[in-house]
Amino acid sequence: MGVIFKLAINNLRQQKSKTIIIGLFIAIGMMIVQVGNGFIESVNHGMEKDFRANYTADIIVSAPIPDGVFMDLFGITDLANVMEVKQIPALPDAKAAEKIISETSGILQKSNIVTTQGILFNSEYADFQMEDQDMMKIPVFYMFAGEPDAYFKMFPNQKITEGRYPAAGTNEILVDERLKKNFYEYYKSEMELNQTIYISGVSMQTLIREAKIVGFYKQPDENSAMYSIVYADPSLARAFADLTYGANFVQELPDEINFDFSTSSEDDLFGSDDDLFASDDFGSEIVTSGEVSFDDILGDTTLRDELNKTDDGAWHYILLRCEKGMSDVEIDAVIEDLNNKFAAAGVQAVARNWAHAAGTFTSSVESISSLFTVLIIILAIVVFIIIMNTMVISVLERTGEIGTMRAIGANKSFVRKLFFCESITLTLGAEIVGTILSLVVMGVLNLCNFTVSDDIAKMILGGGSISFIPTVGNFVSTMIIILVGTILANLYPVSSALKITPLKALSKGDA
């Protein structure tokens, strides 16, 4: 084997130009792949650290996901009807789910939460006309409302720049500084502390409520992919999330309803036209009277008012933080344990990990990763073809050399080992060079501290910080893939060369 290695090194030296060309292709391909992997690794690591620490925790417990929709901490997406904003369903039996959670080991903290979406309006909202050209600047936000004590103990990293957290049982809100900036750019009006502002829901019900701004804050990670959040008390958020007693009443209607009245005629139900105009005094009192009691027209609205009250016990999710030091495998085991207990107890709840909870954001990163994988495959195919063509030409040029070796007693196995030894040596050397280049490039780019400020770009890229994290696993896997590809690229040219007889090879070499 030592003789073959020495011959391989000598042959590579003698063919410097081809060695350099093929080596550069492999080294540059290695560098591109590693820099891309470093970026994806950085995005995934940064997003996971940010979201688990500040928004999703480790585990999220929700109602069962409706069929045909995508549901996460930030809402429901129905691909069949993207124009309709659907509300997240409430946990049917949050108390039963909490009891099971309390009996499950490995969980350190718990907080219930309501999430919804809204739009901020200034005090002149009734006279304000939205401009189409400024639609991207509309102050839209996510509203988070957790249990007053437990939530901010679980997520204490908001950087409050002015004011304080909202008080329990009030319509007070804590506003993102970025939302404050968007508000000014859209309405040309400053948002101030202790200001009363209007919030509109984004669902079909177009609910509007007054709220008092009691504080401004910055995200824990200013380069976070997270969109603007308004923190509020659950009583306010439930109104926009349609978590009212009336909504729950509709959900609990019996499967069978008595429709006996359907046999009645319209006259029985509403009276006839003759009845309507039978009295000469029809409408005279209403027309002539200076006072009209709308309560008399509407009747008793007590039941309606009660049904419109928010359900104090309704929650969308239960966020769970596991004990420190637990690995992803151990957390997955806790999730599986919870789901088994929910199913056994007949509790309508499902536990998922942080990535499912942040699916709106992680899906964009997964799309970029998939796109990058496709580009890598295309690059690998191009490099494979170039290497194979170069090897074919190289083998054909060395036909005489092959014939000489065969003529002096070298068998096919020896020749095959020699060519594969050359390829492996060249590939490993080029991979080492490519690895060094990728480390240098990633180091230089990290020193430049590139960032993006646009919220849409942050969401797509998984964050505003452009950084690169090299990992041993990525380097090793890439080196193995390229090495295998190079060996495969040699199969055809070497097999073709070995089909030539020594006599024919020598005759071609003499020619």
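## Briefing on the predicted model

Of the 25 residues that line the second largest pocket, V33, I376, A380, I481 and I482 lie nearest its centre. A pocket here is an open set of points, on a 1 Å grid over the protein atoms alone, with protein on both sides within 12 Å along at least five of seven lines, and a lining residue has an atom within 4 Å of a point. The model is predicted, with local features needing pLDDT of at least 70 and side-chain atom pairs counting only at pLDDT 80 or more, whereas totals for chains, interfaces and linings use all residues. Residues are numbered from 1 along each chain as its sequence is written, and side-chain values use heavy atoms, with hydrogens and water left out.

**Overall make-up**

- The protein chain has 20 helices and 14 strands, both being DSSP runs numbered from the N terminus (helices H or I, at least four residues; strands E, at least two).
- Of its 511 residues, 42% count as buried, where buried means under 20% relative accessible area, exposed means over 50%, and partly exposed lies in between (1.4 Å probe, protein chains only).
- Among contacts (heavy atoms within 4.5 Å) between residues at least 6 apart in sequence, 82% join residues at least 24 apart.

**The second largest pocket**

- About 500 Å³ of space lies in this pocket, a volume being the space filled by probe spheres set on the grid points, which are joined across faces, edges and corners.
- Helices α2, α15 and α19 (472-498) each supply at least two residues of the pocket lining, and α15 gives the most, with ten residues.
- By class, the lining of this pocket has 15 nonpolar, nine polar and one charged residues; Ala, Val, Leu, Ile, Met, Phe, Trp, Tyr, Cys and Pro count as nonpolar, Asp, Glu, Lys and Arg as charged, and the others, Gly among them, as polar.

**The cavity**

- The structure holds one cavity of 30 Å³ or more, a cavity being a set of grid points where a 1.4 Å probe fits but cannot get out.
- The largest cavity has a volume of about 140 Å³, and of the 15 residues that line it, L12, Q15, M391, S394 and E422 are the closest to its centre.
- At least two residues of the cavity lining come from each of α1 (2-14), α2 (16-54), α15 (359-397) and α17 (412-448), with α17 giving the most, at four residues.
- The lining of the largest cavity is made up, by class, of six nonpolar, six polar and three charged residues.

**Aromatic rings and charges**

- A search of the whole structure finds 17 aromatic pairs, where rings of Phe, Tyr and Trp (its six-membered ring) pair if their centres lie within 6.5 Å, and planes under 30 degrees apart count as stacked, over 60 as edge-to-face and the rest as tilted.
- The ring centres of Y186 and Y187 are 5.1 Å apart and the planes stand at 85 degrees, so this pair is edge-to-face.
- Both partners count as buried, Y186 at 4% relative accessibility and Y187 at 6%.
- K180 lies over the face of F216, at 4.4 Å from the ring centre, and the charged end of R238 sits over the ring of W315, 4.5 Å from its centre; the criterion is that NZ of Lys or CZ of Arg is within 6 Å of the ring centre and within 35 degrees of the ring normal.

- Y231, found in strand β10 (residues 229-232), is buried, with a relative accessible area of 1%.
- Leaving aside neighbours within four places in sequence, Y231 is in contact with Y55, F144, Y151, F152, Q158, P166, E172, I173, L174 and Y217.
- The C-alpha atoms of Y231 and D176 are separated by 8.6 Å, although these residues are 55 residues apart along the chain.

**Positive phi in loops**

- A57, in the loop between α2 and β1, has a phi near 60 degrees, a positive value in a residue other than glycine, and A57 is buried, with a relative accessible area of 0%.
- N449, in the loop between α17 and β13 (450-451), has a phi near 55 degrees, again a positive value in a residue other than glycine, but N449 is exposed, with a relative accessible area of 58%.
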